[in-house]
Amino acid sequence: MDADTPTPVHLDNVLDGLARNPALPAPLIRRMFARQHGWGLVAKRPDLTESMIDEIVATDDHWLLHSLALNDRLPDRFRILLAAHPDEGIRSALAGRAATAPRRMFELLIDDPESKVRESLAQNRGTPPDLRARLAADPDPAVRAALAKHWTQAPEAVRRTLLTDPEATVRAAACATTSPHHPHPVPPADLLPALLADPVTRAGAVIHAALDAETLRRLADDPDGDVRAELARHPDLPPSVREALAVDPALNVRVKVFARPDTPEQTRARIHASVHELAPAADDPDLDPDADEETVVQCLLNAFAPTELRILRLPWVTADPLPHVDSPYVGFRASAAGSKDLPADAVARLLHDEEQSVRLTMASTAPHLVDHATAESIERRYRRRDKFTFWWDKEQVLTFPQETLRRFATDPEPRLRSLAPRDPELPPELAEQLAADPEDRVRRVVAPHPNLPLPSLHRLLADSSEHVAEAAAASPFLPLGSMERLLTRAGL
């Protein structure tokens, strides 16, 4: 390595950055095919030519081919070729991601001898419906359960087959309340009695049940907290049962009552107070180490209940937001902040709410109503406190004028300094200053800036932070000579 290109501390990360560098020329892309580490990232590039793909296939390297199978730009002939590859991991990757693949590829994989491949097909929305339906009779219950979980809008004949499957895991998946895909279908009416009688499908069927006196009694007394929680959501729940569930020993059941539109405010307040008072710590030292799985799960649900209250997003509140703008409950204010029909004064109050999730939701709902001073306040106060607000880092919701971004470059708050590189014309001296920032997140975001002086970019290749070094290597402004020297340093 010459003096212009320091030796990287994290060479593997630098090579990862080069693998996705949009300016990496074809000869250097080809040199990366010989890399033995890095999960084959270079094979995910969208600019691979067919001759390059032929070279990758010829290597028969597992990770290169696995990444190639995940490449959304892969031409059809290579999909069909990989469908016959002897490595089940490669076929499984192909089956799970190829939404636009030719039918021939799916036909080759639908009867694959490895259940993991068929399971990937079951989860893939791009699988042709007639072929996907065949998986409802797959010999492996795991495949049928994956189909039930991920194809909630399957034709009724398929859903009937899955809801009446002999395996409990399949029936449970077919009637679950936790599927990631919405909307969840309504079970056929004639199957409801059996679904309510079956312990593994009961919770999923509750919301669709007709609550006659006997059914209501059985469900309210069910030992399964999930069943009682679903009963607490039922639109036809009588007030007397609602009040009984408001003091249920399972706190997640109380949360469901809290979230109902017909719950009296006094009851709601009591639930809110009791959840915060009774919720144990997630690592409760008093929990019996020999407790059964059901007890442990319920303890975790109880520990999560206060967070569940905070992250509630209630469509009925969003539909009628004004009464809830000043609610004492965070979830209600955040739900109100999701409305696009709020008057300006209500928007202003929510943009200055004491709770971060409320401020961010309102700013995301109405970014055009956020003035620059408020936008700066929101960004200045932002903290990565939990996974429920991480999305803010991924979305550039708020915009700032050029002069503000340049002022941010020297702000004492690292969060604001990290916003400065959003100015595409950031002066080189400010970019250079940010590249020497003590905070690695600031150095990382300035690494690909077009006005970053080359000596600073080279120094970032040898940064102590692997994320900064990778970002520097991914910069499209890295000179060709530097790219070549890095590959030579790696023996490629």
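The model is predicted: local features need pLDDT of at least 70, side-chain atom pairs count only at pLDDT 80 or more, and totals for chains, interfaces and linings use all residues. Residues are numbered from 1 along each chain as its sequence is written, and side-chain values use heavy atoms, leaving out hydrogens and water.

**Overall make-up**
- The protein has 33 helices and zero strands, taken as DSSP runs numbered from the N terminus (helices H or I, at least four residues; strands E, at least two).
- Its C-alpha trace spans about 80 × 60 × 45 Å along the principal axes.
- Of the 492 residues, 49% are buried (under 20% relative accessible area; exposed is over 50%, partly exposed in between; 1.4 Å probe, protein chains only).

**Negative patch**
- A surface patch of negative charge is formed by Asp 226, Asp 292, Glu 293 and Glu 294.
- Glu 294 belongs to helix 20 (residues 293-311) and is exposed, at 56% relative accessible area.

**Glu 167**
- Glu 167 sits in the loop between helix 11 (156-163) and helix 12 (168-174).
- Glu 167 is partly exposed, because its relative accessibility is 36%.
- Beyond neighbours within four places in sequence, Glu 167 contacts Pro 141 and Arg 144 (heavy atoms within 4.5 Å).
- Glu 167 and Leu 147 lie 20 residues apart in sequence and 13 Å apart in space, C-alpha to C-alpha.

Notes: Patch = residues over 30% accessible without salt bridge, like charges linked within 9 Å, V, L, I, M, F, W, Y side chains within 5 Å. Areas by Shrake-Rupley, 256 points an atom, 1.4 Å probe, with all protein chains shown as cover. Salt bridge = Lys/Arg side-chain N within 4 Å of Asp/Glu carboxyl O. Lys, Arg positive; Asp, Glu negative; His and termini not counted. Charge placed at Lys NZ, Arg CZ, Asp CG, Glu CD.
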